[in-house]
Every structure is written in structure tokens, then in C-alpha cells.
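Subject: Structure for your files

Hello,

Please find the structure below, with the sequence. My notes on it follow.

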Amino acid sequence: WTDLRVGLRVIGGRAEGRLLLASSTAAVLFAGVTNVGEVLLARDILGTSASGLAALVAAHGAGTVLGSLAARFRWAFQWRRAYLAGLSCMAVDLVLCALSPSLWLLLPVFMLGGFGNGFALVHDRLLLGHAVPQALHGRVYALQRALTSLAFAASFIAASVLISVSSVQTTFAIAAAGMLAVIAMSAPRMRATWPAPAATPVPA
């Protein structure tokens, strides 16, 4: 509890840290819908068997591995761009899950969503490490993990309720709108916090 209080106090004084914690927690809240909805999507919308669901899960997992391995950047502004690109891939995944009734179309979509998940996760950690002193990384990462775990649990509950009162595709559409809102609200502040370097003028 002492470490948690210290972590909260550290983040409270750093706007960039608060921004990352808020955006990553909200992103998990909306992306977590997939873990509930994919079963019903495969069974009720796509009309596929257990093998079809397994293929969707495998595509998402393969995309996550590829996205995690794709980090090749050295500077904070590149990490910021990669993080937002990852969130955008996840938003596209949610939008197309709400619209597409075809298993063969959704297999690459699930891979794209997995890629975005892995890509955003790696660069989110890099940005958070850049935002706080190294001596406090453990506490801040623990705080982030606690918040995203709570968001994941809330996503499971919210998705179950939404699917019960509406439909699985409507639930994906709501999650997509939420993810797009996260991107729209966080992108301008992230650009201001981690701006791209000004281009060096070329002498005449």
C-alpha cells in the first residue's frame, strides 16, 4: 500500500504519466470487449465451428507477437506515433468486427487487432518509462498494471451486459466508438508532450 501511495503521488505530479495511464486504461476497457464478444461473434454471426473460433484466436495471437516484435524506434516521438498507430489498428479491428459477417474477412482483421495490441503495449511501456524517473519504474508499472487489470475486469462485465441487452455487433460498435474517442482525446496532448523534432534547414 505504501508503494501504491508513492506511485500515485509520483504520477500526480507528472502530466505525461497521468495521460499514459488514462489512455492505456481506457484502451484496455474498450479492447477487452473482444475477449467476450469473439465467442458469440464466431457462433452467432459468423456461424462457424470451434475451429473457426480457434482460427480467430490464433490470428489475434500471431498479430500480437508480430506487433510486439515490430518495435524498432529509438526516440520518444517515434514511440508516441507507434503507440497511437497501435490504438488505431485496434479501433479498425473493433469497427470491422461490428460490420463484417465473414470469417475469412475477419481473420486478417483479428491479426491486425492483435498487431495493434502488441505494438501499442510495447511503446506504451517505453513512453511510461520515459515519463518517470528510473528509480520509480517498478512502482509506476505496478500501478499501471493494477489499473489495466481493473479495466479488463470492467470490460468483461460491461460487454456481458451490453451483449445481453443489445447484440454482439452493437457491443463491438460501442467499443469502437470508445477507442476512437480515446485516440481523439489523447493524440493532441501526446503530440504536444512528445513533439517531433523540427527539420534542420538545408543550406542554399
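The residues that line the largest pocket divide into eleven nonpolar, eleven polar and five charged.

Before the rest, the conventions. This is a predicted model, in which local features need pLDDT of at least 70 and side-chain atom pairs count only at pLDDT 80 or more, while totals for chains, interfaces and linings use all residues. Residues are numbered from 1 along each chain as its sequence is written, and side-chain values use heavy atoms, with hydrogens and water left out.

The pocket

The largest pocket has a volume of about 620 Å³. Its lining is made up of 27 residues, and Val-28, Ala-31, Met-90, Asn-117 and Phe-152 lie nearest the centre. Two or more lining residues come from each of helix H2 (15-31), helix H3 (33-45), helix H4 (50-69), helix H5 (76-99), helix H6 (103-131) and helix H7 (137-165). H6 gives the largest share, six residues.

On terms: the search runs on a 1 Å grid over the protein atoms alone; a cavity is a set of points where a 1.4 Å probe fits but cannot get out, a pocket is an open set with protein on both sides within 12 Å along at least five of seven lines, and lining residues have an atom within 4 Å of a point. Grid points are joined across faces, edges and corners, and the volume is the space filled by probe spheres set on the points. Helices are DSSP runs (H or I, at least four residues), as are strands (E, at least two), numbered from the N terminus.

Salt bridges

There are two salt bridges in the structure (a side-chain nitrogen of Lys or Arg within 4 Å of a carboxyl oxygen of Asp or Glu). One joins Arg-43 and Asp-44, at 2.8 Å from N to O. Arg-43 is exposed at 52% relative accessibility, and Asp-44 is partly exposed at 48% (buried means under 20% relative accessible area, exposed over 50%, partly exposed in between, with a 1.4 Å probe and protein chains only). Asp-124 and Arg-125 form a salt bridge too, with 3.3 Å between the closest N and O atoms. Here Asp-124 is buried, at 3%, and Arg-125 is partly exposed, at 29%.

Cysteines

The structure holds zero disulfides (a disulfide is a pair of cysteine sulfur atoms within 2.5 Å). Cys-89 is in no disulfide, the nearest cysteine sulfur being that of Cys-97, 13 Å away. Cys-89 counts as buried at 17% relative accessibility, and Cys-97 counts as buried at 0%.

Two buried residues in helices

Thr-171 is found in helix H8 (residues 168-193) and is buried, with a relative accessible area of 1%. Leaving aside neighbours within four places in sequence, Thr-171 is in contact (heavy atoms within 4.5 Å) with Val-33, Ala-159, Leu-162, Ile-163 and Ser-166.

Leu-107 is found in helix H6 and is buried at 17%. With neighbours within four places again left aside, Leu-107 is in contact with Ala-55, Leu-56 and Ala-59. From Leu-107 to Ile-183 the separation is 76 residues in sequence and 24 Å in space, C-alpha to C-alpha.

Regards

Notes
Nonpolar A, V, L, I, M, F, W, Y, C, P; charged D, E, K, R; others polar.
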